[in-house]
Amino acid sequence: VIAFTDRATATADQPGVVEGRRPSPRRPHVGIVGGGQLARMTAQAAVPLGIEVTVLDPDPAAPASGAGARVRVGDPARLEHLVALARSVDVVTFDHELVPIDHVRALEEQGFVVAPGAGVAELAFDKSVARRRLAEAGFPVPRAVVATSPAEVVAAGARLGWPVVVKAVRGGYDGRGVAMVAGPTEARTAAELLGPEVVVEEHVDFDGELAVMVARSRSGQIVCYPPVTTVQADGMCAEVVAPAAVSPRTEADARELAAGLADAFGLVGVMAVELFAVGERLVVNEVATRPHNTAHLTIEAAETSQFAQHLRAVLDWPLGATALRAPAAAMCNVVGPADGSDPADRLARALEVPGAHVHLYGKAARPGRKLGHVTALGATPEAALATARAAAARLS
Ligand SMILES: Nc1ncnc2c1ncn2[C@@H]1O[C@H](COP(=O)(O)OP(=O)(O)O)[C@@H](O)[C@H]1O
Ligand SMILES: [Mg+2]
């Protein structure tokens with residue numbers, strides 16, 4: 001059943017119902033698996049380019065629906081729902097990693113255009129595959145061991161040397177799925193919580209964390225954004241500053257590393273590469289083969305936003321310029337406060353801050369949930385950060 005409606009009326013048990021305007025058959029049509037804030041901002045970027053967007057999401061009122069995306073109500077974990085999406089669009093891409101990688105492979109085998117393809121997406125969908133394939137390809141990664149029982153996690157910790165970091169192989173995000181582990185007792189708890197299959201890796205005593213956004217089109221054009229400095233709180237990205245506070249050599253190394261990864265694994269779309277900086281040495285923490293929190297500031301701060309870039313890449317159009325439009329920029333996330341209140345109720349106060357670009361995702365407020373972000377440009381990283389922090393503080 002395909003019922004194009006202009007109201008959110010479908011429910012999760014009515015897969016196939018599509019909420020939204022009937023798509024124009026003459027326009028390029030991008031299907032996004034998941035309708036969260038990344039799909040919402042991608043849909044916003046699709047408007048000036050005249051691209052049709054349909055998302056697959058169990059929730060007919062998913063954040064992307066607020067930005068004009070049509071919602072095909074369904075379950076991203078079910079192949080038949082993915083196939084239904086793929087049939088109705090020119091290319092399938094992703095808002096999150098909660099899709100069985102075998103389903104992505106199956107879509108490709110059935111001849112659908114999927115970007116990124118399973119060969120590169122599995123680096124982001126599965127931390128164990130990522131560690132192994134990156135190491136095999138010669139990219140610098142932390143020493144890591146895959147473990148499948150509490151006893152194996154303890155043994156891995158002893159082998160690598162405490163403390164270690166234990167990570168769920170699949171389904172983790174925003175630090176949920178990552179545990180810092182000091183010794184055997186904590187190791188057992190982490191194994192029970194995050195297992196059975198986990199990655200155990202050396203704790204990297206980094207000087208800082210960086211991220212590089214890289215885009216590669218189907219025809220092989222590659223562009224990199226300036227590396228940014230990222231600060232995580234409780235494993236979740238809290239603040240981002242561009243350009244990164246690193247030496248020109250580290251900056252060049254970071255770009256080369258990201259471009260090398262995109263090339264080596266045949267990326268199509270955008271990919272965020274999270275890096276640990278240890279002195280002048282870079283270690284790859286993880287990759288995300290989709291738009292990413294660490295590049296939200298590109299909406300205002302770069303010639304081409306990561307979302308527009310992702311659309312260009314998956315549709316195999318020429319990629320856009322990545323240079324910053326200001327000497328510096330900063331982004332602060334807006335996270336649901338502990339008292340359960342909704343930052344959206346304080347929007348007017350945040351809008352009083354000159355130069356702050358506020359983004360709210362239209363999500364229900366819950367403590368610890370990412371609900372929005374604020375970006376500011378500035379003459380210096382400090383100035384940009386001060387503006388973004390002032391508005392984010394008023395919201396939270
Ligand atoms: N091996 C490590 N050594 C030190 N810190 C780490 C390590 N792995 C992860 N972290 C910290 O935990 C954060 C979240 O880990 P990450 O693997 O990126 O998980 P997620 O998928 O939730 O983003 C990182 O940004 C970093 O701050
Ligand atoms: Mg991460």
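Which protein donors hold positions 2.0 to 2.7 Å from the magnesium ion (ligand 2)? In this predicted model, where local features need pLDDT of at least 70, side-chain atom pairs count only at pLDDT 80 or more, and totals for chains, interfaces and linings use all residues, the donors are Glu274 (OE), Glu274 (OE) and Glu286 (OE). Donors here are N, O and S atoms within 2.8 Å of the metal (3.2 Å for Na, K and Ca), and sites may look incomplete because water is not among the atoms. Glu274 lies in strand S14 (residues 269–278) and Glu286 in strand S15 (residues 281–288), so the pair ties together parts that are 12 residues apart in sequence. Strands are DSSP runs (E, at least two residues), numbered from the N terminus. Glu274 counts as buried at 15% relative accessibility, while Glu286, at 25%, is partly exposed; buried means under 20% relative accessible area, exposed over 50%, and partly exposed in between (1.4 Å probe, protein chains only). Residues are numbered from 1 along each chain as its sequence is written, ligands from 1 in the order in which they are written, and side-chain values use heavy atoms, without hydrogens and water.

Now to the other ligand. Glu286 is also among the residues that come nearest to ligand 1, together with Lys127, Lys167, Gly175 and Glu209, out of 20 around it (a heavy atom within 4 Å). Polar contacts are pairs of N or O atoms within 3.5 Å. A polar side-chain atom lies 2.8 Å from a ligand 1 oxygen atom in Lys127 and 2.7 Å from one in Glu209, and a backbone N or O atom of Gly175 lies 2.6 Å from a ligand 1 oxygen atom.

Note on methods:
Helices (H or I, at least four residues) and strands (E, at least two) are DSSP runs, numbered from the N terminus. A polar contact is a pair of N or O atoms within 3.5 Å; within protein, one must be able to donate a hydrogen and the other to accept it, and residues adjacent in sequence count only if both atoms are side-chain atoms.
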